[in-house]
Amino acid sequence: MYRYDEIDRTMVSERVEEFREQVEARLSGALSEDQFKPLRLMNGVYLQLHAYMLRAAIPYGTLNARQMRVLAHIARQYDKGYGHFTTRQNIQYNWPALVDIPEILEQLADVEMHAIQTSGNCIRNTTTDPFAGAALDEVEDPRPWCELIRQWSTLHPEFTFLPRKFKIAVTGSEADRAAIGVHDIGLKLVRGETGETGFEVHAGGGQGRTPRVAVKLRGFLPKNELLAYLTAIMRVYNLAAQRDNIYKARIKILVETMGPDAFTAEVEAMYRQIRGRDLAVPAEEAARLTAFFPEPSPVDRPEGAINAPGFARWRRINVKPHKVPGRAIVVISLKPRAGAPGDATADQMDAVADLAERYGDGEIRVTKEQNLVIPHAVAAHLPAIFEGLEAAGLATANAGLASDIVTCPGLDYCNLANARSIPVAQALSAALIDRGLDEDTQGLTIKISGCINACGHHHIANIGLLGVDKKGEEVYQLTLGGVADNGAAIGKILGPGLTPDEAVEAVTACVAMFRRERRSGEVFAGTLHRIGFEPFKEAVYGQ
Amino acid sequence: MGSEAVLRDVHARIEIDTATAPETALEAGRRAGAIDVRFPGFKDGRGYSLAALIRESGYAGELRAVGDILPDQKDCLERSGFDAISPDTPSPRWQRAGFTHAYQLGIARGATDRPPVYRARALAARKEQVDALNREHSASPPQTIIAASVDAFSGRIAMLSSFGVEAALGLALLAQVDRRVPVLFLDTQRHFPQTLTYRDQLIAHLGLEDVRILTPDPAEARALDSDGKLYERDSETCCELRKVRPLGAGLEDFDAVITGRKRAHGGERQSLQPFEFDGERVMINPVAGIDPAGIAALYRQMNLPAHPLREQGYASVGCWPCTAPSAGLHARDGRWPGSDRSECGIFDQARTDRAVAARKRAVRLIG
Amino acid sequence: MRAITANRLTDGHVVYRRSDGVWTPSLIEAERFDDVAAADAALNAALRDILTVVGPYLIELDGDEPGGRKHVRETIRLKGPTTGTSLLNAGGR
C-alpha cells in the first residue's frame, strides 16, 4: 500500500485549500462558470442531471480498509448512502452539494486520497491490474510504477491543459487485465533479453466515438527511463494534436493522422532530446516506492470450506489462485441479480473493509469490471469471508460470468448520456439468471454504454450495447466481438438499433447462441470467428 | 556557434501565440531578448510546452505569458518557464501562492524553482546512505570499502581511473571484488603514450571486463581547439573540453564513482572521507587514507606493475602538456606546474552540471 | 408550451424558473411560455442569474410533464433516476 510522506500530505492539502478558494471565487462571481468548470473538473466535480457528481480517485484501484470506511462515511454523510464504483477503478458520488465538496476532499486527504485529475483534459488516474501483486502470472508488480506515474502526473505544469483527457494503464502480466490496448498510453512490464524488466510501450488506443487499438512504440524501455519517455509522448501530443474539434483531439487521432511510424519517430527524437539525469527515476525512489508493496506473507494453513449453500459455487467462480501459498484472491461481485452494476451502499463498503481487515491484510481493490477484490485473502478464512459477504448481500457468485455486466451511469445520472444503461443491465441480469443462461459463461463479457463516450466499455465487450437517442426514443446498438484484455479488439455492430426490451432479448439470444455453439474451451471471440456473425444476426433479427 | 550572437537582438520582443510551430518558437528564442506567448484561450495548453521547449534550448531572456490566462494557472505558467505574466483580465486572485512542492521537473527560474520530488527524496536518501557508510567504514581497509560500495550501488557504480602512477592499486582491489564493474578512462588525446600502454597492460593483467574510454566530442574539439594548442592558451578550457564534458556524459548512468583520490595528495584532498556526497553522486575514496609508503607496500605485496613514468620522477601523471616530474611536498605538485591549479575540475559538481546542460542544449530540437 | 430549467449553483439540484424570477424545484410552479419571444426574453434574464443557477435552458412541456425530443432526459431530471423500475415504464411515460 502506498504511503504519503510529508510532501504528499502538503501537496494534497494545498490542493484542497486551492479548491476551497476556487469554490468561493465561483460563488462570489470572481470566477465565471466557463472559467470554473475546467477547474472543478480537475478536482473530479461534474454537474450531472440531478446534482453535482464527485469522482474520487482510487489510485490504480488500490485502497485499504481505513480508506474504504471513509468512502462509506462520505456516502452516508454527504450522499444518499451509496457510491458507484466505476470502470476506471474510481468511486463516484451522485449527490454531493458543491459547497460541501471542499470538506469531502479534506476528509479524503486525511486518509491519503484525493479527487485530483479524475476529470478534465489532463492525465487521469492511472489504472492497473486489480490482481497486481497477487496474480500467479505476474512478471512484476506494476503498482510502484503506477504510484510513480500518479505523482509525476499530478499538477504537471506542462500537461494540465491538454487537448483532451489522457489515460494511462499499466499491467504486469501477459494476461493484461488492464486493457492497455485501449488506453492513450498502455504500459506492460516485460522481461528483457538480459533478464531485467522494462516496459513495452503502447500509445494511441482509446474507445469513445472512434475506438482504436493502441500501436506499439517500443518493445523495451528501461524502467528508470519511464518519466522521460512519458514526457516525450505527452509533449508531442500536447503540441501537435488537434484542438479545434473535441472528437479529433485524442492521441489516437494524432497517431492515426501522423501514421504510427512517424509518430513513433517523433516521440523517440523528443525522448533522446530530453532524457537525462533530471528525468531519470533515481534508484532510491524506485526502491522506496517498491517497498510500499511487499508480497504478503505465506500462510501455513489449509484452505477452509463449509457446507453452506452456495459456498462451493462461490468458491469456484469468485475465488482466484494467489501466488503466495495459503492466500487467495476473492472477487466481490457488485452485480446482484437486477442490481445497479458497481453500486455499493455505505454499509456494504464498511462490511468489505471489515472483512479485508480481518481476513486479508486490510487491502482492497476496485476492478474495471466494477467489482471489488480482497487481493490477499487468507484461504483458511474463505468460509468466514463468504458468510460475511452473504450477510452484506455481496456474495453473488457471478464474477466473470455473463451477468457480471459492466455499465456506465447512463441517462439516469449522466449529463452526456443519450440513453439509460443501468435499467437495461438490471433487466438483462435478471433474464440471464432466471433463464439459466448464466451458467458456464466464465469469461463472456457484456458491457453497456449510454452514449458514444463509451464509459461502459461496450466497444471492448464480447457483447456490447450502445444507447443512442433516435428521435427522442432510447435505442440500442448491439456490437459483437470486442475484447478488453491481452490483445484488445473493437466489436462490430450487428444490425439495426433495438428498443430497450428488444435489446435485452437480443443479448440473451446471443448468450444462448454462444452457449450452444461453442466448442470446449472456446472463448466468445473464437466461436464468433468460427461461425461468423450470421447465426447471431438470425438469432437477434430473425430472417 | 558565432551566428547566435549576430542574430540575437536583446532589445527585440517577439510575440508568438500558442498555435506557433515549435521550430518557429525556437527561432524566436534564438533571435529575441524577450518573447511574449499569447494564449487565445486559457484552456489552450500548448503555450506550456512551447515555453518549456524555448527554455530547454538555453533561452535566458524574458518569457512572458499574455492573453486569456487565469490566476489558477500561475503555478503552471511559472513552472513551465514563464518569468512574466500579463493577463487580459487583472484580478486580486493573481496574488496567490504556489504549491510548496513539485512532483515533476519544472523549468521555473529563481525563487519559484522547486526540485522534482522524486529527485529531492532520492538525493536525501543518498546523502543519508553516505553518512551511514562513513559511520560504518571510517576505519575500514580499501578492500572493504570497495566491496561495500559495489554492494550498495550495484549496477550504478563505476571506477574512475587515470591509469596513472597510483591507479593500479584501486583497480586491483576492484578486480578482486568484481571485474565487471565499469571503469571509466578519460582519453584526453593528450596522454603520455606510456599511460596508454600501461592502461592496456593493466586491463590484461587484472582481467578488467568493462573499461569505457571517454573521448572529447569531435565537433566541440574542432570548435574550441582547432590548432590543438588550447592547453597553451587556456588550460582550464582544455580540461573542460577534454575531461569535464566527456566525464559528465560518461557518468550519466552512474550514481556512485570510485576515485583514487588520497588525502596525501594535499590541497583540497587533505580532508577526504571514504564516502562523499557531492549533491548528486556518491564519490568513494577507498584509498583516501593510505600514505605513499603504504601504497608502495601494497604495490609490492600485490605484485602490481608500475607506471613507466614512475621511475622518471613523476608522482602524479596527467596530460603531457601540463604534467612535470614532482619534486615538491605533495604528489600533485607536478600537475599544472607554475600555476595555482591542482584540480582539473572533474570533481567540481557545478562545472559538471554546466557541462551537461551545455551538451543538452547542443542537441537538435525537433518540432 | 415551454419552461426554463437549470441546476442550482450551490448543490446542483434541478430547478425551474417562476414568473417572478425565483427558482423552484417544482415544475408545476414554473412559468410557462407559448410565445417564443417571451420565452427567449425570460431565458436571457435567467442566463444573467449566474450566482444562483448554472446553465439555464428551455424545455418543452406536454401538459404538466416534460415533452418533446428530450422527454426521457427531462422526466428523469424531474423525477430522479429510474434504476430499479420497469423498462416499459421508461421515464414515467
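Modeller: Two residues are taken to be in contact if their C-beta atoms, placed from the backbone, lie within 7 Å. The model is a predicted one, and with that criterion the contact between the chains takes 38 residues from chain A and 37 residues from chain B. On the side of chain A that touches chain B, at least two residues each are supplied by helix 1 (6-28), helix 2 (33-41), helix 5 (143-153), helix 6 (226-240), helix 8 (260-274) and helix 9 (283-290) of chain A. Helix 1 of chain A gives the most to this side, with six residues. Sorted by class, the side of chain A that touches chain B has 18 nonpolar, ten polar and ten charged residues.

As for the rest of chain A, its assignment divides the chain into domain 1 (6-110), domain 2 (135-289), domain 3 (311-391) and domain 4 (406-541). Between domain 1 of chain A and domain 3 of chain A, the C-alpha centres lie 26 Å apart, and the contact of these two domains takes 21 residues from domain 1 and 20 residues from domain 3. Strand 3 (62-64), helix 3 (65-78) and strand 4 of chain A each supply at least two residues of the side of domain 1 that touches domain 3, and helix 3 of chain A gives the most to that side, with seven residues. By class, this side of domain 1 has nine nonpolar, nine polar and three charged residues.

Although Gln89(A) is not a glycine, it has a positive phi of about 65 degrees, and Gln89(A) counts as buried because it has 26 C-beta neighbours inside 10 Å, where 20 or more are required. A second residue other than glycine with a positive phi is Asn486(A), whose value is near 50 degrees. Asn486(A) is placed in the loop between strand 19 (473-480) and strand 20 (492-493) of chain A, and it counts as partly exposed because it has 16 C-beta neighbours inside 10 Å.

In chain B, helix 7 (residues 167-177) is mostly covered, with nine of its eleven residues buried. Among those buried residues are Leu169(B), Leu171(B) and Leu174(B), and what covers the buried residues of this helix includes helix 6 (142-152), strand 5 (157-160) and helix 12 (292-301) of chain B.

Conventions:
Residues numbered from 1 in each chain as written. Chains lettered and ligands numbered in written order. Predicted model: local features only at pLDDT ≥ 70, side-chain atom pairs only at ≥ 80, totals over all residues. Buried ≥ 20, exposed ≤ 12 C-beta atoms within 10 Å, placed from the backbone. Helix = DSSP H or I, 4+ residues; strand = E, 2+ residues; numbered from the N terminus. Domains from an automatic or database assignment. Nonpolar A, V, L, I, M, F, W, Y, C, P; charged D, E, K, R; others polar.
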